[in-house]
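Notebook open, model loaded. I'm jotting down what I look up as I go.

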Amino acid sequence: MISKENSFEIRIVFDNKCNEEGFLTGFGFAVLIYNKFTKNYLLFDTGGNSEVLIHNIKKFNINPSEIKKIIISHNHHDHAGGLSGIYRLNSNIEIYVPKRVEQLYKQNLTKAKVTGVSDSMEIDQNIYSSGQIGSTIKEQALFLKTKNNEIVILVGCTHPGLENFILKAQKISKVIAVIGGFHGFQKYSYLEGIDFIGACHCTQHIGSIQKRFPDQFKQICVGNSFSF
Ligand SMILES: [Zn+2]
Ligand SMILES: [Zn+2]
């Protein structure tokens with residue numbers, strides 16, 4: 001499945017639904033990304049627990065201190081709770097958080113290079129933040145642009161509505177995959193034309209999504225790897 005032709009390798013290192021043998025589950029979500037354009041490891045969210053997170057990263061034979069950049073989708077414990085463990089191993093790390101919570105992270109993680117993201121920006125070559133969106137809860141998603149100019153969306157909980165992240169990504173290029181927590185999302189027409197629907201973590205209507213998109217729906221478990 002993993003070939004040199006791909007642009008990104010994605011490994012699920014934290015989720016609460018299911019796991020492959022030897023991996024641990026916990027409440028939250030985290031995805032380890034290997035960017036073949038830069039040869040960097042990036043972590044999107046950190047789950048709710050450092051020990052579970054670090055166990056799962058090591059289970060993939062990756063040293064957590066190799067991670068160059070961490071992107072926190074939003075400031076909820078099930079997405080930011082594992083951050084302290086990575087920070088202890090590598091305190092010089094770059095961390096990208098929604099602008100609204102920038103000061104909080106700067107105060108707590110004084111050695112890290114914390115960036116508050118307001119508008120869409122390139123975080124690593126071909127990996128973009130959506131920018132922070134939403135009102136009560138500010139949240140960012142990641143858009144991974146492949147060599148074929150197609151977009152893979154990684155989302156945390158999508159509190160501001162998954163459709164708003166999809167609409168933003170579609171302005172860049174065609175969306176081929178969306179992976180993460182869909183929360184109470186039911187506006188299913190926005191998923192039409194997306195080949196890979198990886199609804200997991202906090203997705204409430206997972207059964208309905210699977211039923212409506214039986215060929216596109218992919219079950220996401222801790223320990224899974226995907227290439228795009
Ligand atoms: Zn949340
Ligand atoms: Zn969540």
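Helices here are DSSP runs of H or I, at least four residues, and strands are E runs of at least two, numbered from the N terminus. It's a predicted model: local features need pLDDT of at least 70, side-chain atom pairs count only at pLDDT 80 or more, and totals for chains, interfaces and linings use all residues. Residues are numbered from 1 along each chain as its sequence is written, with chains lettered from A and ligands numbered from 1 in the order written.

Back into H1 (residues 50-59): I get Val52, Leu53, Ile54, Asn56 and Ile57 as buried (20 or more other C-beta atoms within 10 Å of a residue's own, C-beta atoms being placed from the backbone). Their cover includes strand E1 (8-14), strand E2 (30-35) and helix H3 (83-89).

Next, the sheet. I traced six strands, open, mixed pairing, in the order E7-E8-E9-E10-E11-E12; strands pair if DSSP finds at least two bridges between them. E7 (121-124) and E12 (196-200) are the edges, each with a single partner strand, so one side of each has no neighbour in the sheet. E8 (residues 127-129) runs antiparallel to E9 (residues 142-145) over three bridges, and I found Ile127 bridged to Leu144 in E9.

Last, Val31. Leaving aside neighbours within four places in sequence, I list its contacts as Ile10, Arg11, Ile12, Val13, Phe44, Asp45, Leu154 and Ile179 (contact: C-beta atoms, placed from the backbone, within 7 Å).

Definitions and conventions:
Buried ≥ 20, exposed ≤ 12 C-beta atoms within 10 Å, placed from the backbone. Contact = placed C-beta atoms within 7 Å.
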